[in-house]
Amino acid sequence: MKPPIDNSTPTPRKGIRRLWHSFRQLFAQTPLLGWLFGFLLASILENLIGYPLARVLGLSKIPVLFGVDIALKTPLLLPATLLYDLIIYIIPLFLTVRYLTPFANRLAAWLLRAPMWVSALIHMALLFLVLYLWTGINDYRVLVAKLMMVSIIITLSLNVVNGYMGEFSCSHPGFIALGAYIASIITVGFFVGGNLKFVILPAYLAPLVFPLALILGGVVAALGALLVAIPSFRTRGDYLAIISLAFMFIVKSMFENLEILGGARGFGDQPNLATLPVVFIWTMLCIWIINNFVQSTMGKALNAVRDNELAADAMTVDTRKTKMVTFLFAAFWAGIAGGLLAHVIRYVNPGTFGLQKLAEVLAMVYFGGLNSVIGSIVGAIGYNLLSEMLRPLELIKWLIIPLLLILVMIFRPTGLIAFREFDLHKILQPKIPAKMEEVENVPPSS
Amino acid sequence: MDTFLQNVVNALQWGSFYALIALGYSMVYGVLMLFNFAHGDIFMVGSYIGFFIATGLIGLSTLGIISLPGWVILILTILIAMILTSFVGMLVERIGYRPLRNAPRASAAITGLMIGIIFETANLYLLGASRRKFPEIIDTSIFQIGNVSLTNTKIFIVIISLLFMLALNQFIQHTKWGMAIRAMAYDFTVVPLMGVPVNTIAALTFGLGSALAAAAGVFYGMAYPVLDPYMGIEYGWKSFVAAILGGRGSVIGTVIAGFLMGFLDIFVATYFPSTMRNLISFSIILVILTFRPHGFFGRAYSAQLRL
Amino acid sequence: MERKSKYLVISILMICAILLGACGPAAPQTIKIGVNAPITGDIPKVGEGTKFAAEMWAEDINAAGGLEIGGKKYQVELIIEDNESKAESAVAANTKMITQDEVLIIIGPQASKQAVPAGQVANDNKTPMISPWSTNPNTTLNRPWVFRACFLDDFQGPAVANFVTEEFGFTKAAVLYDIASDYPKGLAEFFKKAWEGLHGAGSVVAYESFTTKDTDFSAQLTKIRDSGAEFLFTPQYYNEVALIAQQAHQLGFTGPIVGSDSWGSAELIPLCGEDCYGAFFTTHYAAAGATGATKAFIDAYNAKHGYIPDDVAALTWDAFNLAKKAMEDCGKITGDIAADRACVKDALSKVTGFEGITGTMTFTPGSGDPSKCAVIVKISDKGEFTFYKQSCP
Amino acid sequence: MSLLQVKKMTHYFGGLRAVYNYNLDINPGEIHGLIGPNGAGKTTIFNLITGIYTPTEGDILLDGKSIKGMRPHLIAAAGLARTFQNLRLWRYMTVLEHVKLAHYSKITYGLSGAFFNTRKRSQEENKITQKSMELLKLAGISHLADTVVTNLPYGAQRRLELARALAIEPKILFLDEPTAGMNPEEMLQMMDIIRKVQRQFNLAIFLIEHRMRLVMELSDRVQTLVFGEVVAEGLPEEVRNNPVVIDAYLGKEVET
């Protein structure tokens, strides 16, 4: 049952809150499909008239990330970028939402008559199309999108341990490093050669071997996770935190010492296999599988271990197995993300996987929200976008981002969107106007 | 043998930094159960404050405005740096931690990390990218005992650090405030019932911890006179390890853990390739934790963590 | 009805936009040069030097009316991106400058851990890139579009070994280096190889390492002291050199200390003080007693920013002038960015006898590494970097 | 043959003797009470039998098989459920999720089901949901199924603990002060529920309680524990009138 909500008789609102309310009202009936159509229209529009429009507005090129970077560098161009965003993104979105919503609702309802995976696949295909068209403008966008998706995998997998199971694990950079190096060894060893050379296979096999390399990287990372998982049977909380921290240092140290992999010099020349569709597919797969896991009763065991381990034991939950599975599972995905990362940047070095990376991944998880798939997605995207858009601010950027995070922590201590279930059906379904029950089930104690 | 003795001397100095910084960390950790990831950066701030005070005092002395002998300047530097830094620590507690008293512990850890980044960036922004040279407050003199080299600063640092540790232990064990701190470390919820204001105790522990970090910062400046904005990061994390290894709320345990980490650092570098240092010292720490899962002097406390 | 007319206006505006955009200006009046610098992160001082040198260069050029290429003057526009001293960020910065800002050439990144992956991006996107400071062979290896402005470790290491042998006649060397940082590590390895080539296996009596951010070297230095080494070679950055020299003396090590170009910062002496007096290091130029263009650069930089430029700044300056020379050699800027980039790259690979402030550089086709001479500098008793000797390949 | 049999169980914490020579026999369908003053070791006995601690000496048999030294979740899965004196609910989970999770040991879809949302999994999950809803109805809290537990009133939290314990389909149920902190009215309701489930599932119940009235009314047999040793055992009437018990424990505080 939902807690009682005073939504039935909206109290009079003033100023911005009223505006925000009517804004929400306007969009409340748009299903995901409608939004996708809107973004699709916007990306098509940008592909068609983006460049000339930018020239007319006095911008030298299409603004990459909604013009924030341009406006920060030369504030004089702010009106131009705003106008650009208005014409390319906001107006088409608004129009679609205004006129296509009924159609989108009907279509969404019709799609749901088939099994849900059909509808989900169609949504994903649309999402990819939008992403493909939007990034098609510029390679920089491709890179940002890829890094963002890799971050989603990393954040989600860390959330499984830190959010769902409530351990403070610091070993994630270590898992990422393991995945990155193992996958790189395979692709470089089989397709590039150089210092490391197995058999050089023909290049057309590379896209087939790449998933295997990633999986192997994930498996090795999971094996590494045994070192953290086994102590977790006996000890929890802070002690486990330093065990995991030690693990991170040990992995980093190990790669610094491995001369064959370049040691501190790093390891480069990875073939360009992590293309946009590949990264996209892995990200979707990761979201799907992790979401399945945490929603199953077996996955709920993680929460039970977190909230009261003794009670979990007494209710037949195999806590050791749960911890083992969780650490290995999270490490596996971190390894996959590492492999992808190595092939996006096409270079790895041990220095990347240190305390700085740790602070970054922790920030993404807690920023987005604990115990929430959506939260992790929002956290990863938000952090990455912010980080890229504020690039021109240089030093100031590193004052703004931490401040923002502190504010989030103070006002929402568990993160922006914490403890919310990622209910696929609810997301895909049409939004019927009569229903106005869009209130989150956030535990008030959090 | 000489090499060994020399390294014992080296490790004593190195370990006293770890111990001092870890004590500050352990104060906060023991009482509030917080991962205070800003602590390394408070150490950095303390060191910079010490730098400015020392430079200022020496400047005034050379200009002839005041005339103070070196050791007075040194003591003044340490004291003023400790006092000022303790205010910084209390400010951090007020802004970053107090609003999160009832939040999951990890959230406060994130705030700490972010406050640390703000300190680093602000330093870089205000003082520029140049590293600072900590002035030589007292002239260094080198003694040779057999083949073992000692300097007066080394001896001073080790002795004063030990004195600080002793003083802290006395304070915790034998004063009213120390008792309140221990009570709070024992049970967070019971303290308000005893009529002790939690906020005051929290501020006090932060102040004390930061003061110790400042002392460590000044000593560090005397021994390794190159200061840079990022110098605290590693110490923050390593003192976190030492504080936990020592056992929650145990002064003696933390000091031992700090010195242990100092000795590990030095002796691993002596007898193994130094690349293996983190690898070996952390492996040893893992082994210790396997056999003493609650640190040297820690009680087993319930797994009831607030997330 | 009212609303509809609003949309109508907007759509008309859009159509106008398309039409107008089609006849927008095409030929560039400015040349864009990208700078990929570590302004935040571990090595902010390097970023600062890079940025200052770049800005000084651009101001000079623009004050003189611009770059003259093929009889036409172009203003220079710098696009400075911060790579946060991270590999991902350096890649992102390069991608952005290449695809979004459409820079003609990129100067940077400085440190190899950013220059190696960033070089990949530049090479893939067929954009010339000059890393002023990266000494990792992989930065330019098999990458025709990537160049550097500094000499390589395989030259500098032996140069140091030869110098010490000739000057002092020592036979027992000690090395202390940071194993987690690729520059010191590479240099230490090349030095060891060269020294053992001269004096036989085992002549490097102590080969000690530490990890980035360490500040206590007492264990390693104790070993070095007790190993009977006659001198210490430490290819470290200046901030670490200050600590190493001080601790070595406190532990009673008395031999000379010798270093590499990473010592070449004006900050070395303020940080290190008397402990560094009398030490030697190989570098690109000697600040004290410099003449000509080198002196002009040092004076201008000092006047503007209040300190003697580091080697990074000097190398960045040279990288910019290399770029300038290549553009001038190229002879024309067509406005077709791909053709212009190719032209600049071809011109760069043909540069010979370029007189930079850090020495004379010559590129051989097929390699992005210049051949240039090293200078051996002695730190005088006043703390000045004085010219001592030159060593050429 | 008795359902649960404890033979000569003794346990030391370090040098401290917590439980000495404890014997217990519970038959199917029987309600067995355990009383004793604070610190007598009642909860320790629960923890020893349910596997949180392993007894230093003695043996524990469930259905004739030794469960001594088995891990707690296996003992629970073997049919021994418990509630806790101080509620141990999972603070961020809903009521329904609590009861569903207690079906953990019966899940057969395995990791592949958990990861890939197979047909088998959705069938099983549906079945578990149905069963759980029935239990919630029994405990009278089905209307709160989607509420997060921290928002529940105290009485409902107690009921939820009971429903959760029943979900593991126990043969024997350990109740550790099931009415602690309840007002008399709530206590009566709880007694009704206990009786009801006992009859419905033919459960054996092992009960620790402070309130004499509850123990005396519900129990078939009662043991009195003082300093880890049983000082009196028998029918409620016998125990109530046993002078040793009155002396050692009840004194004037007998509430009837």
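## Helix H7 of chain A

In this predicted model, helix H7 of chain A covers residues 172–191, and its 20 residues reach 28 Å from the first C-alpha to the last, close to the 28 Å expected at 1.5 Å a residue. Of the 20 residues of H7(A), 19 are buried, so the helix is largely enclosed by the rest of the structure. After H7(A) comes Gly193(A), which has a positive phi near 90 degrees.

## The open sheet of chain D

Chain D contains an open sheet of six strands with mixed pairing, arranged in the order E6-E7-E8-E3-E9-E10. Its edges are strand E6 (80–82) and strand E10 (229–234), and because each has a single partner strand, one side of each is left without a neighbour in the sheet. On average, and with direction ignored, neighbouring strands of this sheet are turned by 20 degrees against each other.

Within this sheet, strand E3 (residues 31–35) and strand E8 (residues 204–208) of chain D run parallel and are joined by four bridges; here Ile31(D) stands opposite Ile205(D) of E8(D).

## Domains of chain C

The domain assignment divides chain C into domain 1, made of 30–151 + 292–372, and domain 2, made of 153–283. Taken over C-alpha atoms, the centres of these two domains of chain C are separated by 30 Å. Nine residues from domain 1 and eleven residues from domain 2 take part in the contact between them, and the side belonging to domain 1 consists of three nonpolar, three polar and three charged residues.

## Chains without contact

Chain B and chain D do not touch, their nearest C-alpha atoms being 10 Å apart. Chain C and chain D are likewise joined by no contact, and their closest C-alpha atoms lie 31 Å apart.

Technical notes
Residues are numbered from 1 along each chain as its sequence is written. Chains are lettered from A and ligands numbered from 1 in the order in which they are written. This is a predicted model: local features need pLDDT of at least 70, side-chain atom pairs count only at pLDDT 80 or more; totals for chains, interfaces and linings use all residues. Domain bounds come from an automatic or database domain assignment. Two residues are in contact if their C-beta atoms, placed from the backbone, lie within 7 Å. Ala, Val, Leu, Ile, Met, Phe, Trp, Tyr, Cys and Pro count as nonpolar, Asp, Glu, Lys and Arg as charged, and the others, Gly among them, as polar. Helices (H or I, at least four residues) and strands (E, at least two) are DSSP runs, numbered from the N terminus. The expected span of a helix is 1.5 Å times one less than its number of residues. A residue is buried if 20 or more other C-beta atoms lie within 10 Å of its own, exposed if 12 or fewer, and partly exposed in between; C-beta atoms are placed from the backbone. Two strands pair if DSSP finds at least two bridges between them. Axes are lines fitted to C-alpha atoms, for helices over the stretch in contact, and angles run from 0 to 180 degrees between N-to-C directions.
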